[in-house]
Amino acid sequence: MSPIDVGGPDLHIGTHEAYVALVRPEIDPAQPGVLIAAREAGVSPEEFVGSGDVWALMYEVDGEGDGFELPGARDVEADAFAEQLEQALSAAEPFTAEAGNFLSLEARPSGADWLVTARVTPPEDEEDGAAAPRTLELGPLPAAELLAGLEDFRRALA
């Protein structure tokens, strides 16, 4: 099967080993891989790719990753969170930034880097109840890369 390219706004904070990512996946239903997968699934390509307007929070630490959808989350809220982060990083002082009740970032400067801790709180599952919150140490992250990632994210939302 052909690979399926996924686009859409993506705010990735962390490294390859430990990260949180706020994403709104967008998939072009005309891609050859989508056409094949949709046919194999017995659905239309548009149904296969979904609406493209559902935000999700993905996270990984030590090879263990997970994620969850954020029903009702809107672009304006994601942009406000990114703007809050930009302003806090520019102030160059320790800060806490929150995205709803599902993500909290605590950060403090350390030279040209930021030491970032993420607290992820998955939503309550109807079958299993509340999932345990996770704390992820995202490590020292270069300030310039964080700001560039925020700028790219906000541009993708515009």
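The legends below accompany close-up views of a predicted model.

**View 1**
The side chain of Arg24 takes part in a polar contact of 2.4 Å with the side chain of Glu26, and in another polar contact, at 3.0 Å, with the side chain of Asp75. When residues up to four places away in sequence are left aside, Arg24 touches Gly7, Gly8, Pro9, Gly52, Asp53, Val54, Trp55, Asp75 and Leu157.

**View 2. The open sheet of four strands, in the order S5-S6-S7-S10.**
The pairing within this sheet is antiparallel. Strand S5 (95–99) and strand S10 (134–142) stand at the edges and have a single partner strand each, so one side of either strand has no neighbour in the sheet. On average, and with direction ignored, neighbouring strands of the sheet are turned by 20° against each other. Helix H3 (residues 75–91) packs on the sheet, where it touches S5, strand S6 (103–110) and S7, and the direction of H3 makes about 175° with that of S5. Helix H4 (residues 143–157), for its part, lies across S7 and S10 and runs at about 110° to S10.

**View 3. Strand pairs and hairpins within the sheet.**
S5 and S6 run antiparallel and are joined by five bridges, one of which can be followed from Thr96 to its bridge partner in S6, Glu106. The hairpin of S5 and S6 has three residues between the strands, and in this hairpin Gly100 takes a positive phi near 55°. S6 and S7 pair in the antiparallel sense over eight bridges, and Pro109 stands opposite Trp114 in S7. In the hairpin of S6 and S7, with two residues between the strands, Gly111 takes a positive phi near 70°. Strand S7 (residues 113–120) also pairs with S10, again in the antiparallel sense and over eight bridges, and here Asp113 has Pro142 of S10 as its bridge partner.

**View 4. The packing of helix H3 against helix H4.**
The axes of H3 and H4 come within 10 Å and cross at roughly 155°; since angles over 145 degrees count as roughly antiparallel, the two helices are therefore described in that way. The crossing in which H3 passes H4 is left-handed. On the H3 side the contact is made by Asp75, Ala78, Asp79, Ala82, Glu83, Leu85, Glu86, Leu89 and Ser90, and these meet Leu146, Leu147, Leu150, Glu151, Phe153, Arg154 and Leu157 in H4. Asp75 of H3 and Leu157 of H4, both listed in this contact, are also among the residues that Arg24 touches, which links this view to View 1.

**View 5. Gly63 in the loop between strand S3 and strand S4.**
Gly63 is located in the loop between strand S3 (55–61) and strand S4 (64–70), and at 61% relative accessibility this glycine counts as exposed, because the limit for that class is over 50%. Although Gly63 and Glu17 are 46 residues apart along the chain, their C-alpha atoms are separated by 6.8 Å.

Methods: Residues numbered from 1 in each chain as written. Predicted model: local features only at pLDDT ≥ 70, side-chain atom pairs only at ≥ 80, totals over all residues. Heavy atoms only, no water. Polar contact = N/O pair within 3.5 Å; in protein donor to acceptor, adjacent residues only side chain to side chain. Contact = heavy atoms within 4.5 Å. Pairing = 2+ DSSP bridges. Axes fitted to C-alpha atoms, helices over the stretch in contact; angles between N-to-C directions. Parallel < 35°, antiparallel > 145°, perpendicular 65-115°, else oblique. Left-handed = near helix turned anticlockwise from the far one by under 90°. Buried < 20%, exposed > 50% of the residue type's maximum accessible area, 1.4 Å probe, protein only.
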